[in-house]
Amino acid sequence: MKSIKSKKVFLLVLSTLILLTLASQCPALFPKEVEAEAKAFDPDKDEALVAWFSFEGDLSEKTGKFEAAKVIGDKIGKTPKEEKVSFVEGISGKAVYLDGEGGILLPEDLVKGYSYTISFWMKADVFTPWTPVFFGAYDVSNWISIPPYHPGVKGGSYLLWSFSGYWYDGILDVSFKPETWYHVAVVVRRGDAAVYVNGKYTLSKIQINGMEDPTGKIADIFSRKPGGIFTLGVNWWDQPYKGAIDELRIYSRALTMNEIKILYERR
Ligand SMILES: [Ca+2]
């Protein structure tokens, strides 16, 4: 009996050793690094998570680093008709609903560097030209915008736009449908931008001043000085956004493709 048992133990140890040896020699079969990164990234607790608005019936910021956001009128600087905003069923709990009459002013300093990630869910009632879901600026001549629709882009969508002495256009091969939830993540790594929709890389064309330029960089707006104006649904010019927005998260670094996938699956 004893010898059979020890033989079994020996075989078990031997097979474990063989497996471990194989694992260390075949990184493709055992992608340890990818797995470790995926396990290590917690979208809700990552130290680069600067701000998180989950819109569970109010405009508070969940990490506690910022004051709550505010309701504003149909353009930046305008007072709202009512300082109230409604909440609807979201992608995770509730979502804020903008009725096309106003927007939300987020706290200053949400983005401070030239590497960052902006992530949110959106469900638009309608898509109107150049209307931003997210907008960040210092003034009318220095801004970035995330507008899902540009009437001049055939069959595709605009999703990343900036101006700061030159125009940057980030064009997607996605046509957004109304009344549909989409996860949108904009990742900027020292100016090189990536856009993900529902966890997939979707930036198909970059233009600088209207000319195609695959290496074109989005403007460095926010590392110049503190402050800034950050909004949801409104800018200085265009029709306000009409629809729901949920789980806005801002990270102070460029998340990886795997991390964006985790973020998308987390909701
Ligand atoms: Ca929510």
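Residues are numbered from 1 along each chain as its sequence is written. Because the model is predicted, local features need pLDDT of at least 70 and side-chain atom pairs count only at pLDDT 80 or more, while totals for chains, interfaces and linings use all residues. Here pLDDT is the predictor's confidence in each residue, from 0 to 100. Its mean over the protein is 89, and 85% of the residues reach 70 or more. Over residues 26-31 the value stays under 50. For that stretch the model has two contacts beyond four places in sequence, a contact being two C-beta atoms, placed from the backbone, within 7 Å. Where pLDDT is low, the predicted coordinates should not be read in detail.

The protein has three helices and 17 strands. Both are DSSP runs numbered from the N terminus: helices are H or I with at least four residues, strands are E with at least two. Of the 267 residues, 37% count as buried. A residue is buried if 20 or more other C-beta atoms lie within 10 Å of its own, exposed if 12 or fewer, and partly exposed in between, with C-beta atoms placed from the backbone. Among contacts with a separation of 6 or more, 67% are between residues 24 or more positions apart.

Two strands pair if DSSP finds at least two bridges between them.

With strand 6, the antiparallel pairing extends over seven bridges, and Lys123 stands opposite Ala244.

Strand 6 (residues 116-124) contains Phe120, which is buried, with 23 other C-beta atoms within 10 Å. Leaving out residues up to four places away in sequence, Phe120 touches Val133, Phe134, Val184, Ile245, Asp246, Glu247 and Leu248. The C-alpha atoms of Phe120 and Ala185 are separated by 6.6 Å, although the two residues are 65 apart along the chain.

Which residues have the most contacts inside the largest nonpolar core? They are Phe120, Val186, Val187, Ala193, Val195 and Ile245, in a core of 65 residues. Such a core is a set of buried Ala, Val, Leu, Ile, Met, Phe, Trp, Tyr and Cys residues joined through C-beta atoms within 7 Å. Strand 6 gives the most to this core, with six residues. Ala193, apart from its neighbours within four places in sequence, is in contact with Leu160, Gly170, Val186, Val187, Val188, Leu203 and Ile218. In soluble globular proteins, nonpolar side chains tend to be buried together.

Helix 3 (residues 257-266) has Glu259, Ile260 and Leu263 as its buried residues. They lie on the same side of helix 3 because they cover an arc of only 100° around the axis, taken from the directions from the helix axis to the C-beta atoms. These buried residues pack against strand 6, strand 11 and strand 12 (192-197). After helix 3 comes Arg267, with a positive phi near 70°.

Most residues other than glycine have a negative phi, and most peptide bonds are trans. Glu179 has a positive phi of about 60° although it is not a glycine. Glu179 is in the loop between strand 10 (167-172) and strand 11 (182-189). Is Glu179 buried or exposed? Glu179 is exposed, because it has 10 other C-beta atoms within 10 Å. Glu247 also has a positive phi, of about 45°, and is not a glycine.
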